[in-house]
Amino acid sequence: MRAARLITMVLLLQSRPAMTAAELARELEVSERTVARDAQALSAAGIPVYADRGRAGGYRLIGGYRTRLTGLARGEAEALFLSGVPQALREMGLADAALAARLKVSAALLPSLRDASRTAAQRFHLDAPAWFRRPEAPPLLPAVADAVWDDRRITARYRRGEDVVERQLEPYGLVLKAGVWYLCARPARHDTFRVYRVDRLTAVAADEERFARDAGFDLPAFWAERAEQFARSLLRAEVVVRLSEEGVRLLPGAVDPAAAREALEGAGAPDERGRVTVTLPVESEKVAHGQLTMLGPEAEVLAPEGLRARFASDARRLAGLYAP
């Protein structure tokens with residue numbers, strides 16, 4: 001445990017001009033006293049860690065000291081080469097930078113680990129777009145990605161329905177979801193963050209001015225919350241369905257999984273035939289018809305009456321098609 005912490009401390013100091021004891025303690029999740037002891041241990045091992053005294057003091061490496069990545073195990077090296085998404089990097093205009101970084105990391109590894117990039121690539125591949133969809137990168141994505149990296153405000157024109165609106169935005173992060181790029185940004189003079197589809201941007205101009213990034217913004221947490229809110233906002237109607245045991249098993253694959261879980265958790269006890277009745281949130285009766293059709297005879301719609309009548313009509317038509 002301590003050896004790993006010492007290596008992390010060296011890498012942190014190598015990546016920055018200097019760090020205070022408080023900053024190191026926070027990154028390493030230890031006390032400042034432990035930081036001081038670790039710095040002494042590194043110095044005793046020949047690593048030139050220098051401590052500046054005083055209120056503005058801290059720790060730094062002297063003499064241009066650099067450590068090579070010889071402490072990586074094979075699994076760690078292979079995981080490192082899995083951390084990128086090649087297609088996404090190309091779409092953001094970062095393919096060359098990613099290639100250069102991989103080459104530098106490969107050069108720093110021990111000879112026995114330099115095939116890590118090839119072995120990882122031959123075993124794992126991420127294909128982000130959904131099935132039956134040809135991915136097309138939004139033409140303005142590289143410009144947006146540059147602004148995100150550089151913390152520069154942008155003036156963007158955005159298609160909203162039939163209209164095109166102009167907004168000044170602070171671009172905080174990009175998300176690739178099922179082959180679609182989204183920009184998480186804060187409009188100027190607003191406190192709340194919003195989500196914009198990048199393929200709906202018609203113009204982007206980066207300002208010279210940089211914005212002060214909110215240190216408390218957590219992109220993965222923000223996206224998870226908004227994605228759940230969006231999914232829930234679509235479920236504006238309810239249907240009552242009686243499910244067989246097989247229907248219960250198949251339901252999460254036919255409808256929104258969270259809605260299915262909520263419906264099944266609220267279901268009563270099974271009847272004498274093992275069937276359960278659930279109240280299922282759905283987007284609309286039309287959407288529910290398409291989704292529940294996949295369950296066939298394992299689901300019986302009880303309400304609303306219009307949807308039940310639609311399934312009854314389907315059943316009569318099917319019976320006619322398959323009659324002897």
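**Talking through the predicted model**

Modeller: Let's start in the loop between strand 5 (180-187) and strand 6 (194-197), where R189 lies. Keep in mind that this is a predicted model.

Colleague: Happy to. Why is R189 called exposed?

Modeller: Its relative accessibility is 79%, and exposed means over 50%, so R189 counts as exposed.

Colleague: And what makes the phi of R189 worth a remark?

Modeller: R189 is not a glycine, yet its phi is positive, about 65 degrees. Most residues other than glycine have a negative phi. D151, in the loop between helix 8 (141-150) and strand 3 (152-160), also has a positive phi, near 55 degrees, and is not a glycine either.

Colleague: Why is L318 called partly exposed?

Modeller: L318 has 46% relative accessibility.

Colleague: How do you know that the peptide bond from A303 to P304 is cis?

Modeller: The omega of that bond is near 0 degrees. P304 itself is in the loop between strand 10 and helix 13.

Colleague: Nice. Now the sheet: how do you know that strand 8 and strand 9 pair?

Modeller: Pairing takes at least two bridges, and seven join strand 8 (residues 237-243) to strand 9, so these antiparallel strands pair. A237 stands opposite V282 in strand 9.

How values were computed: Residues are numbered from 1 along each chain as its sequence is written. This is a predicted model: local features need pLDDT of at least 70, side-chain atom pairs count only at pLDDT 80 or more; totals for chains, interfaces and linings use all residues. Side-chain values use heavy atoms; hydrogens and water are left out. Helices (H or I, at least four residues) and strands (E, at least two) are DSSP runs, numbered from the N terminus. Buried means under 20% relative accessible area, exposed over 50%, partly exposed in between (1.4 Å probe, protein chains only).
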